[in-house]
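Hi everyone, thanks for making time for this. I have one structure to show you, so let me put it on the screen.

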Amino acid sequence: MGGLGGFMHSFIFEVLANVRANVSSLGGNGLVAYKMSQCVLLYNPHKNQSQCLINVSGDVVSVSYEGMDYGSELLTKTGDSPIIVNSST
């Protein structure tokens with residue numbers, strides 16, 4: 001896969017890999033409210049060069065499924081840690 005489409009495809013996959021790594025480094029296993037608010041693509045076909053700037057955001061969560069009753073949830077927040085949501089399947 002080549003050209004501008006191939007570049008964007010590879011770039012988006014790298015961005016998502018970085019998002020997954022950041023979620024993991026913060027102790028989470030999920031991302032909610034994912035938002036890509038800006039994507040700027042600069043392309044120079046004469047030099048076969050492209051540059052891309054992207055801005056993504058979201059909220060890191062740690063979700064665990066325990067043997068609790070259906071419909072019950074427990075939200076906890078301690079200090080600067082992300083909110084932990086424990087719910088049943």
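First, the ground rules. This is a predicted model, so local features need pLDDT of at least 70 and side-chain atom pairs count only at pLDDT 80 or more, while totals for chains, interfaces and linings use all residues. Residues are numbered from 1 along each chain as its sequence is written, and side-chain values use heavy atoms, with hydrogens and water left out.

So, the layout. The protein chain has 1 helix and 4 strands, and from the N terminus on the order is α-β-β-β-β. Helices here are DSSP runs of H or I with at least four residues, strands are runs of E with at least two, and both are numbered from the N terminus. Of the 89 residues, 18% count as buried; buried means under 20% relative accessible area, exposed means over 50%, and partly exposed is in between, with a 1.4 Å probe and protein chains only. Now for contacts, meaning heavy atoms within 4.5 Å: among those with a separation of 6 or more, 39% link residues 24 or more positions apart.

What makes up the largest nonpolar core? It has 8 residues in all: Met8, Phe11, Val15, Val19, Val23, Cys52, Ile54 and Val60. By nonpolar core I mean a set of buried Ala, Val, Leu, Ile, Met, Phe, Trp, Tyr and Cys residues joined through side-chain atoms within 4.5 Å.

Leaving out residues up to four places away in sequence, Cys52 touches Phe7, Met8, Phe11, Cys39, Val40 and Leu41. As for burial, Cys52 is buried because its relative accessible area is 18%, whereas Cys39, at 37%, is partly exposed.

Phe7 is another residue in contact with Cys52. Phe7 sits in helix α1 and is partly exposed, at 27% relative accessibility. Phe7 and Cys52 are 45 residues apart in sequence, yet 9.3 Å apart from C-alpha to C-alpha. Beyond its neighbours within four places, Phe7 also contacts Leu41, Ser50 and Gln51. Gln51, in strand β2, counts as exposed at 53% relative accessibility. Besides Phe7, and again not counting residues up to four places away, Gln51 touches Val40, Leu41 and Leu42.

Finally, the surface. The chain exposes about 6700 Å², with carbon and sulfur atoms supplying 55% of it; these areas come from the Shrake-Rupley method with a 1.4 Å probe, and for residues only the protein chains shown count as cover. Leu31, Tyr34 and Met36 form a nonpolar patch with about 260 Å² of accessible area together. Patch residues have over 30% relative accessible area and no salt bridge; like charges are joined within 9 Å, and nonpolar side chains (Val, Leu, Ile, Met, Phe, Trp, Tyr) within 5 Å. A salt bridge, in turn, is a side-chain nitrogen of Lys or Arg within 4 Å of a carboxyl oxygen of Asp or Glu. Tyr34 belongs to strand β1 (residues 30-44) and is partly exposed, at 41% relative accessibility.
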